[in-house]
Amino acid sequence: MNEASFFIAGDVLPANTRSYVPRPADQDLSSGVLDGAFCYVLAARQMGKSSLMVRTASRLRERGIRIAQVDLRTVRSASISEWYLDLLVRVQYDLGLKTDARAWWRARTGLDASQRFIEFLHDVALKEIAGAIVLFIDEIDAMLALDFRDEFFAAIRALYNARESDPAYQRLTFVLLGVATPTDLIRDPRRTPFNIGRAIKLQEFTYDDAEPLRQGLEWRYPTQADRILRRIFYWTNGHPYLTQKLCRAAAETQNVITWDDAQVDALVKANFFGAPADRDPNLTFVRSKVLGAPEAERRQMLELYSAVYSGQNIVADESSPVQNHLELYGLVRIAKGTPLDKDKLAVRNEIYRRVFDRKWIEKHAPSSSGTRPIFSKTSLLFALIAVLVAVSAGGAYALVRGQSNTVTATPTAIVAAQATGTG
């Protein structure tokens, strides 16, 4: 066995990969689909969503369930109609449908695209296939920039709601996967939010979960695997991508005979700190999502992250859009509390803590978040105007003479100017 190739970091793991680490989400997703629930797996980048999809789909096929898997990054978006058609062509191929999706689609140009999408699934897929059908829609965040994304997710919700009136729809199940929150899927406030389905929580590996990785290290370094993996976990907290990448780096190392913490720490530095941090796809993703957000949202995220980074007790609040996005982009995680204490937010892992540190926070905090100079030219101008308007001719004379009745006026005017946002 090539021990280095045993570990896979950054790519989708095939269903039979020996280094795949099963987690509670594996059972939760399989059970949800078998129950007929619409499921969604919404988690940070490189947490193993696509690998979970591949493995779950393989197991469902073994049970005779028909599966279609679509990566929305590969669906064309030249027009709304062509986008939906390209999606259904892929569904047709995966499900092995006899009906030509292109011919069927073009014969019904009188209907809008989302309605044709619904009718194709009802009149073609559910008619040709007598059993259960599961459609895995991966990388749904690829749709968030499209103008018609509300219509697409509203159509999926309509298929779910139609189960009450048409039993055929009960054989059709969707699994949505991507970097998004449910509130991201339908943004139009005039529409009902995307509030259906069962959320599948995809968490980091626990040390016990990661037994396949320990075995891979054991083959490479007999009797040292536990020491290596525990130190890797110190840095990654079980983050799938970071953990697999460090395990692979350890397996590829040629000049280390006896491993200790310092050896693992050197691997971390070589792969994630300094210049490597600018090239690593995971760290680049986190950075781009936070810094690429609109200024107001970026300010809120960095303020919250700063509080968490400083060790403040921030209670987890799933109703907070800022927290949800900060967790989704990867910077924070929910640390489980005790029966007597609530869940709290924590920095996701030690690698993130070192890369996205206090200097990084201060460097990228928007200038209007409280770091602007108090005595800017604008603030001084408005302060001067306030003073001139407020004082009488006698007061102005007193100001010239430096009498005390005007000493309190000047700072008050400056504060007023700052409070109204004119400074």
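Student: Okay, so a helix is a DSSP run of H or I with at least four residues, a strand is an E run of at least two, and both are numbered from the N terminus. What kind of model are we looking at?

Tutor: This is a predicted model.

Student: How much space lies in the largest pocket, then?

Tutor: About 830 Å³. Its lining has 33 residues, with Lys-201, Gln-203, Glu-318, Glu-327 and Ile-334 nearest the centre.

Student: Which element gives the largest share of the lining of the largest pocket?

Tutor: That's α16, with four residues. At least two residues each come from β1 (39-42), α8 (182-185), α16 (321-329) and β6 (332-335). By class, the lining of the largest pocket splits into 17 nonpolar, eight polar and eight charged residues.

Student: Back to α11. How do α9 and α11 pack?

Tutor: Helix α9 (residues 211-220) meets helix α11 (residues 240-252) at an angle of about 10°, and their axes are 10 Å apart. That angle makes α9 roughly parallel to α11, because angles under 35 degrees count as roughly parallel.

Student: Which residues make the contact?

Tutor: From α9 come Leu-213, Leu-217 and Arg-220, and from α11 come Thr-243, Gln-244, Cys-247, Ala-250 and Ala-251. Five residues in the contact of α9 with α11 are nonpolar, two are polar and one is charged.

Student: New topic: strands! What order do the five strands of the open sheet have?

Tutor: The order is β2-β3-β4-β1-β5, and the pairing is parallel. At the edges sit β2 (66-71) and β5 (198-199), each pairing on one side only.

Student: How many bridges are there between β2 and β3?

Tutor: Six, in the parallel sense, with β3 covering residues 133-138. If you look for Asp-71 in the structure, you'll find Asp-138 of β3 opposite it.

Student: Last one: which strands does helix α6 lie across?

Tutor: Helix α6 (residues 113-128) lies across β3 and β4 (172-178), and it runs at about 130° to β4.

Notes
Residues numbered from 1 in each chain as written. Predicted model: local features only at pLDDT ≥ 70, side-chain atom pairs only at ≥ 80, totals over all residues. Heavy atoms only, no water. Axes fitted to C-alpha atoms, helices over the stretch in contact; angles between N-to-C directions. Parallel < 35°, antiparallel > 145°, perpendicular 65-115°, else oblique. Contact = heavy atoms within 4.5 Å. Nonpolar A, V, L, I, M, F, W, Y, C, P; charged D, E, K, R; others polar. Pairing = 2+ DSSP bridges. 1 Å grid on protein atoms, 1.4 Å probe; cavity = no way out; pocket = protein on both sides within 12 Å on 5 of 7 lines; lining within 4 Å. Points joined across faces, edges and corners; volume = space filled by probe spheres on them.
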